[in-house]
Amino acid sequence: MLRALTSALRLPRPWRPLRTRSCASHGATGDPEIQVRALTGRDQGITEILMNRPSARNALGNILVSELLEALAQLREDQQVRVLLFRSGVKGVFCAGADLKEREQMSEAEVGIFVQRLRGLMNEIGGTQRLPRCLGVALAKELIFTGRRLSGAQAQALGLVNHAVSQNEEGNAAYHRARELAQEILPQAPIAVRLGKAAIDRGMEVDISSGMAIEGICYAQNIPTQDRLEGMAAFREKRPPRFVGK
């Protein structure tokens, strides 16, 4: 009933492109814009999605969005991988946002359809509604009306991002910090993490009384799981738990 994206696709170890139909946003080389890889060793359980559209700084065009939606549709079906990381294959860039050059060529109807696809892809889209809930009305209006750009440190100070890191020579310092965080999440009970995410996401959309009811529904789904019993047994026996996602 309440679902969240915390599982990932079981794929071969190398980066693997997804097969999608040809669209206008392909670069000159025709390289795939979304690639997926499952990590191994101590990182087994983590899957990465690589955005690789250097010609447009990973801007969200038709191909990238189509391939990403296809990847996520597959990821929802696999319970083996516990954490999903998004990373960029373009040095110094994560994602430039909407592909305005491509959008300029769309009709008004096509723009509306494309924006709806983006809303299905990213729950965070909709800054006029989400930013005031994060920062308050006054500061949200100031940032939206001015179009001001924030540094990573400024965004962290405002609470818009959890972490800000100094860049390294390879240009992937943020990726390494994200991977460290993924390694912290990895040993946790996957069902409890998934239900916790659902409770938070759904609860933020309603009043606190309704949110508490959502939390109760989510906890009830966790009660019959093997992992809950394993967690209590591990606590009693003073050993690390071995969660299996069941």
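At what angle do α8 and helix α9 (residues 208–222) pack, and how far apart are their axes? In this predicted model, the angle between α8 and α9 is about 165 degrees, and their axes lie 9 Å apart. Since angles over 145 degrees count as roughly antiparallel, α8 and α9 are therefore roughly antiparallel to each other. The crossing in which α8 passes α9 is right-handed. On the α8 side the contact involves I191, A192, L195, A198, A199, R202 and G203, and these residues meet G211, I214, E215, C218, Q221 and N222 of α9. Sorted by class, the residues of this contact between α8 and α9 comprise 7 nonpolar, 4 polar and 2 charged.

Helix α8, which spans residues 190–203, also takes part in a pocket, for it gives the most to the lining of the second largest pocket, with 3 residues. This second largest pocket holds about 400 Å³ of space, and 20 residues line it, among which G45, Q79, Q80, V81 and R82 lie nearest its centre. The lining of the second largest pocket is made up of 8 nonpolar, 6 polar and 6 charged residues.

From α4 the residues G127, T128, L131, P132 and L135 make the contact, while α5 brings V137, L139, A140, L143 and I144 to it. Of the residues in the contact of α4 with α5, 8 are nonpolar and 2 are polar, and no charged residue is found there.

The last pair to trace consists of helix α1 (residues 62–75) and helix α3 (residues 108–121), whose axes lie 11 Å apart and which pack at an angle of about 35 degrees. The crossing of α1 and α3 is left-handed. Here N62, V65, S66, L68, L69 and L72 of α1 are in contact with F114, R117, L118 and L121 of α3, and by class the contact of α1 with α3 has 7 nonpolar residues, 2 polar residues and 1 charged residue.

Conventions
Residues numbered from 1 in each chain as written. Predicted model: local features only at pLDDT ≥ 70, side-chain atom pairs only at ≥ 80, totals over all residues. Heavy atoms only, no water. 1 Å grid on protein atoms, 1.4 Å probe; cavity = no way out; pocket = protein on both sides within 12 Å on 5 of 7 lines; lining within 4 Å. Points joined across faces, edges and corners; volume = space filled by probe spheres on them. Helix = DSSP H or I, 4+ residues; strand = E, 2+ residues; numbered from the N terminus. Nonpolar A, V, L, I, M, F, W, Y, C, P; charged D, E, K, R; others polar. Contact = heavy atoms within 4.5 Å. Axes fitted to C-alpha atoms, helices over the stretch in contact; angles between N-to-C directions. Left-handed = near helix turned anticlockwise from the far one by under 90°. Parallel < 35°, antiparallel > 145°, perpendicular 65-115°, else oblique.
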